[in-house]
Every structure is written in structure tokens, then in C-alpha cells.
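Me: I would like to learn how to read the features of a structural model one at a time, with the general idea set out before the particular case. Could we begin with burial?

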Amino acid sequence: MNAELNKILAERGNTHGDFSQSAYLVQSMKSSARHSASMENVYLSPVQWEALDNIFGKIGRIVCGDPSHVDSWVDIQGYAKLAEDNTKQIIAQRLENERKEREWVLGRGQRGIASPFLEPAPCLDPDCASCPSLRMKDRSCEPTDPNPN
């Protein structure tokens, strides 16, 4: 078992480079990215962070190992695609939430085009003196009946 493991580690060393050097580089990139995001109040989803973490690992292997190892480049594309798909889902969900919020706020939760005229505006003058053709009823201005009888 030890001989087999040593063989695998030697093969990986040829393509991935020195593990300690790569680890230092990768951890520096991760730390810098997290610090920058924190300083700029940038939120990344767990999927976006994981994709970046894996991309940083692949960059470490490319820089410290064999830059001609095609699998590392392909893996970076794969992780970037996963992050892209997740980002598109986040954007779609955010837009849907904003649409629902606008619909609720402007349309009182009703579907269709929202209008501020769905309900009478609340009257700010308790005597309705500013709107003589209107009378006060339940703190809303409504037109008075021209024929009260």
C-alpha cells in the first residue's frame, strides 16, 4: 500500500507541482479574495465561493506544476460554468422576489398591473375641508352623493 501511494504522489507531483508551494499560493488567493469581498461588502453564494476555491486550487496546480496539464484548465471551465449557472439562478430568484414585492406593495397583492388608484386615498384633513366635493368616511375620501334623498 505504501509503495502504491508513493507512486501516486510522485505522479501527482509531476503534474500538480510541490504541494507545499501550491498550498501557500492557493491559501493566499483564498485569503485575499475573502478579505476583498468583506471590505467591499460583496456577498457570494456558497456555490460561488466553492467554485472560486476550486479554481484557486487549479490555478495553484498550474502555476506550481505543469501548465500543460489540460485537465486543470478543463476543470477551471467546469467550476466557472457551475458558478455561472448558480449566479443565473440567484438573479432569476431576486427578480422574481422584486416582482412579487412590487406587486404586493403597489397592487395590494393582486395580480395584473398595479395602480395607486385601487383604493381611495386616505384623507389627511379630518374635516375634508380641502376637498369640498368629498365627505369623510372611514378616514378615506369618497365622492359625496349629489342626490342624498
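Me: Which residues of helix 3 are buried?

Reply: Burial is judged from relative accessible area, where buried means under 20%, exposed over 50% and partly exposed in between, with a 1.4 Å probe and protein chains only. In helix 3, the buried residues are Gln48, Trp49, Ala51, Asp53, Ile55, Phe56, Lys58, Gly60 and Ile62. This is a predicted model, in which local features need pLDDT of at least 70 and side-chain atom pairs count only at pLDDT 80 or more, whereas totals for chains, interfaces and linings use all residues. Residues are numbered from 1 along each chain as its sequence is written, and side-chain values use heavy atoms, with hydrogens and water left out.

Me: How many helices and strands does the chain have?

Reply: Helices (H or I, at least four residues) and strands (E, at least two) are DSSP runs, numbered from the N terminus. The chain has four helices and two strands, in the order α-α-α-α-β-β from the N terminus on. Of its 149 residues, 20% are buried.

Me: What span should helix 3 have at 1.5 Å a residue?

Reply: The expected span of a helix is 1.5 Å times one less than its number of residues. For the 19 residues of helix 3 this gives 27 Å, which agrees with the 27 Å between its end C-alpha atoms. Helix 1, residues 2-16, has 15 residues and reaches 20 Å between its first and last C-alpha, close to the expected 21 Å.

Me: What follows helix 1, and where does a non-glycine residue have a positive phi?

Reply: Helix 1 is followed by Gly17, with a positive phi near 85 degrees. Asn41 also has a positive phi, of about 55 degrees, although it is not a glycine; Asn41 lies in the loop between helix 2 and helix 3, and it counts as exposed because its relative accessibility is 74%.

Me: Is Ala33 buried or exposed?

Reply: Ala33, placed in helix 2, counts as buried because its relative accessibility is 19%. Ala33 and Leu52 are 19 residues apart in sequence, and their C-alpha atoms are 8.9 Å apart in space.

Me: Where is the charged end of Arg34?

Reply: A charge sits over a ring if NZ of Lys or CZ of Arg is within 6 Å of the ring centre and within 35 degrees of the ring normal. The charged end of Arg34 sits over the ring of Trp49, at 4.3 Å from its centre.

Me: Which residues lie nearest the centre of the largest pocket?

Reply: On a 1 Å grid over the protein atoms alone, a pocket is an open set of points where a 1.4 Å probe fits, with protein on both sides within 12 Å along at least five of seven lines, and lining residues have an atom within 4 Å of a point. The largest pocket is lined by 17 residues, and His16, Phe19, Ser22, Gly57 and Arg61 lie nearest its centre. Helix 1, helix 2 (19-39) and helix 3 (46-64) are the elements that give two or more residues to this lining, with helix 2 giving the most, six residues.
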